[in-house]
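Biologist: Could you take me on a close look at one part of this model, the surroundings of the ligand? I am new to this, so please go step by step.

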Amino acid sequence: MATQLRAGDPADTTPLSAIDVSDPLLYAHDSWRPWFARLRAEAPVHFQPNSPFGPYWSVCSHADIQAVEARPDIFSSSHEFGGITIVDLMGEFNLPQFIAMDRPRHGEQRRVITPSFGPSEIQRMAMEVRARTAELLDTLPYGERFDWVEKVSIELTTGMLAILFDFPWADRHLLTLWSDWGGDIEKALNPETNLVRHQHMLDMTHYLDRLMAERKALPPTADLISLMAHSDAMGDMPFQERTGNYILLIVGGNDTTRNSMSGAAHAFHQYPGEWAKLIADPARIPAAVPEIIRWQTPLAHMRRTCLEDTEVGGKAMKKGDKVVLWYISGNRDESVFPDAERLDIDRPNARRHLAFGFGVHRCVGARLAELQLQVLFEEMLKRKMTVRVVGEPDYVPQSFVHGYRKLPVVIDRHG
Ligand code: HEM
């Protein structure tokens with residue numbers, strides 16, 4: 001077993017062999033930065049033989065992460081080998097979903113849902129997203145403490161998903177529930193909570209199956225359910241594959257966008273000069289959006305499995321090895337993003353961030369996530385809202401979803 005790392009442990013002198021960046025405590029305590037800085041400097045491709053998730057390679061530099069993602073024929077995403085997170089989900093819990101498939105099936109299914117994220121759809125959704133965002137912001141108090149995660153990040157992303165699925169509005173909170181259970185790898189690891197998780201996944205599948213059947217009987221529309229229902233590649237999937245793809249679309253859009261909104265509030269609080277730039281000139285918002293996503297990196301990693309003996313950054317890997325791509329580290333790589341910890345809305349290359357991944361699996365929802373953030377900032381500025389963090393953030397204690405459980409804030413009205 002690798003030594004359990006503790007917040008306050010010396011990242012600079014701990015033996016490299018003891019460094020296990022999958023340790024949930026690093027994320028619970030927001031103390032991951034020096035550990036990745038050490039790995040980037042001394043072992044950008046690092047092997048940890050004894051983690052609770054089994055042996056795994058860490059790929060920590062921006063260039064090496066891209067190099068791995070550029071070779072999907074060697075570095076598989078397939079659920080057959082354990083899928084796309086550091087946890088090897090097994091048996092009935094290891095669901096086929098297109099993010100965890102390789103060519104050709106991956107491409108066939110990805111193509112089904114991409115029209116939902118095309119320019120005309122994004123434009124159509126923009127109006128609805130703006131209306132829902134404005135409605136929500138108008139309910140928020142000035143000068144009173146509340147939890148930004150609960151009142152803003154969760155509400156807005158759940159609303160966005162409901163729009164994308166054309167999901168019954170009154171039931172939209174089910175999307176949050178399913179996403180919270182489906183995306184939590186710690187809950188999947190514990191046999192007791194995994195059973196509860198499994199029940200939620202069943203409930204989700206039954207609910208969405210009903211919607212699929214209804215949409216199949218109607219003329220096709222551009223919402224995700226209708227696109228799947230009317231397609232060859234996804235219209236008649238086996239039960240497990242339906243569950244897998246439903247949860248992919250829900251978790252994919254939910255935790256990620258939620259945590260970029262929470263990260264935004266926290267980042268602008270820490271770098272008030274950047275928010276002041278937006279107050280002075282809201283036209284700069286589109287440049288700020290990718291920088292916020294880089295800074296937060298809502299998914300800390302994706303995982304691949306070697307299909308043959310290979311090499312990354314000079315390190316020899318064996319067929320079957322687990323390879324973890326730490327986006328959270330690549331996005332702090334100083335050789336690409338100087339002064340990487342700083343939020344800098346003028347950063348010329350913020351769009352090179354890896355938070356959406358890279359290559360054939362790059363996030364299909366990227367434009368929608370960006371739209372949601374852009375509209376949020378625009379509507380906040382219209383209402384002269386500046387967010388102040390007034391207590392300790394409560395961080396998600398795991399190494400996949402990187403974000404916040406709670407973020408206490410007060411909204412001030414700026415001049
Ligand atoms: C800031 C918000 C978001 C972040 C940081 C994010 C991040 C990611 C990442 C890292 C991947 C995997 C890329 C790879 O393996 O190279 C991914 C894939 C994916 N994302 Fe997102 N995502 C976000 C928003 C969304 C939204 C709004 C949706 C809409 C439902 C979505 C749906 C998906 C899907 C379906 C995939 C699988 C793509 C494939 O395998 O071809 N994501 N996302």
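Modeller: Happy to! A residue counts as near a molecule if one of its heavy atoms lies within 4 Å of it. Please keep in mind that this is a predicted model. There are 31 residues around the ligand, and those that come nearest are Glu-69, His-106, Arg-110, His-361 and Cys-363.

Now look at the polar atoms. The side chain of His-106 has an N or O atom 2.6 Å from an oxygen atom of the ligand. For Arg-110, too, a side-chain N or O atom is 2.6 Å from a ligand oxygen. With Phe-358 it is a polar backbone atom that takes part, 3.2 Å from an oxygen atom of the ligand.

Next, which elements give two or more residues to the shell around the ligand? They are helix 4 (105-113), helix 6 (148-165), helix 11 (239-270) and strand 5 (301-306). Helix 11 provides the largest share, with seven residues. If you sort the shell by residue type, you find 18 nonpolar, nine polar and four charged residues.

Strand 5 also leads us on to the sheet. This is an open sheet of five strands with mixed pairing, in the order 1-2-8-5-3. At its edges are strand 1 (45-51) and strand 3 (75-76), each of which pairs on one side only. Helix 3 (residues 62-69) packs on this sheet, where it touches strand 1, strand 2, strand 3, strand 5 and strand 8 (322-326). The direction of helix 3 makes about 130° with that of strand 8.

Definitions and conventions. Residues are numbered from 1 along each chain as its sequence is written. This is a predicted model: local features need pLDDT of at least 70, side-chain atom pairs count only at pLDDT 80 or more; totals for chains, interfaces and linings use all residues. Side-chain values use heavy atoms; hydrogens and water are left out. A polar contact is a pair of N or O atoms within 3.5 Å; within protein, one must be able to donate a hydrogen and the other to accept it, and residues adjacent in sequence count only if both atoms are side-chain atoms. Helices (H or I, at least four residues) and strands (E, at least two) are DSSP runs, numbered from the N terminus. Ala, Val, Leu, Ile, Met, Phe, Trp, Tyr, Cys and Pro count as nonpolar, Asp, Glu, Lys and Arg as charged, and the others, Gly among them, as polar. Two strands pair if DSSP finds at least two bridges between them. Contact means heavy atoms within 4.5 Å. Axes are lines fitted to C-alpha atoms, for helices over the stretch in contact, and angles run from 0 to 180 degrees between N-to-C directions.
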